[in-house]
Amino acid sequence: MRQGLLAAWPVALGYFPVAVAFGMAGAGAGLAPWAVQLLSLLVFAGASQFAFLGLLAEGASPWLATGMALLLNLRHAFYGPALRPYLAGHPLLAFFLTDEVFAVALKFLPGLPQTARTGFFLGLGLGAYLAWNLGTLLGVFGATRLKGLPGVGEGLSFALPALFSLLALPHLRNPVALGAGLLAFALHLLGQTAWGLVLAGVLGFLWRRP
């Protein structure tokens, strides 16, 4: 687990500012602080949480907001099969599976002994989870003061895309990942971002690694 916690620091470093932004957004949307924190504790999915908040702010029903958040998380269905050879038999670990945790896990797990893989993934997931929830806590209770700092909003919104780009770079040497990424990017340019993500996942799942 210690090795996983150490490997989690780049993820935690990227998650923390984005979680602060989420906490600030939740406070700005008028949700009770405990409700914002509970979302981070129980959901632990940044894009889904932001979508949930946005829909609630637009007046959508909580059921619709929850449904959209679940749809956004469907992409994780493609992550599970990729990690299954290394973590088979531990379905509860899926709670810690995020885009960035997946990228780091896929890089390190194949090189670890079978007996160390579960502990590594648990440490990695816990590190990311703690950073996300501590950031949410700071954002919720420090929202008023943080909004007054110059450049805070722009910096927080840029942190997560920059982090994911850095984590994805090593995987571009894999032709399967490169092909799936190019497909997603091409469809994004055509205005079909959602379909691009789905089809890239299918391509990566079906295309055997050479």
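**Reading helix α10**

Reply: The buried residues of α10 include Val 176, Gly 179, Ala 180, Ala 184 and Leu 187. Buried means under 20% relative accessible area, exposed over 50%, and partly exposed in between, with a 1.4 Å probe and protein chains only. They lie on the same side of α10, because they cover an arc of only 130° around the axis, the arc being that of the directions from the helix axis to the C-beta atoms.

Me: What kind of model is this, and how are residues numbered?

Reply: This is a predicted model, in which local features need pLDDT of at least 70, side-chain atom pairs count only at pLDDT 80 or more, and totals for chains, interfaces and linings use all residues. Residues are numbered from 1 along each chain as its sequence is written, and side-chain values use heavy atoms, with hydrogens and water left out.

Me: Why do residues three or four places apart point the same way in an α-helix?

Reply: An α-helix has 3.6 residues a turn, so such residues point the same way. On the face of α10 turned away from its buried side are the exposed residues Leu 182 and Leu 189.

Me: What span should α10 have?

Reply: The expected span is 1.5 Å times one less than the number of residues. For the 15 residues of α10 (residues 175–189) this gives 21 Å, and the end C-alpha atoms are 21 Å apart, which agrees. Just after α10, Gly 191 has a positive phi of about 85°.

Me: How many helices and strands does the protein have?

Reply: There are 11 helices and 0 strands; helices (H or I, at least four residues) and strands (E, at least two) are DSSP runs, numbered from the N terminus. Of the 210 residues in the protein, 40% are buried.
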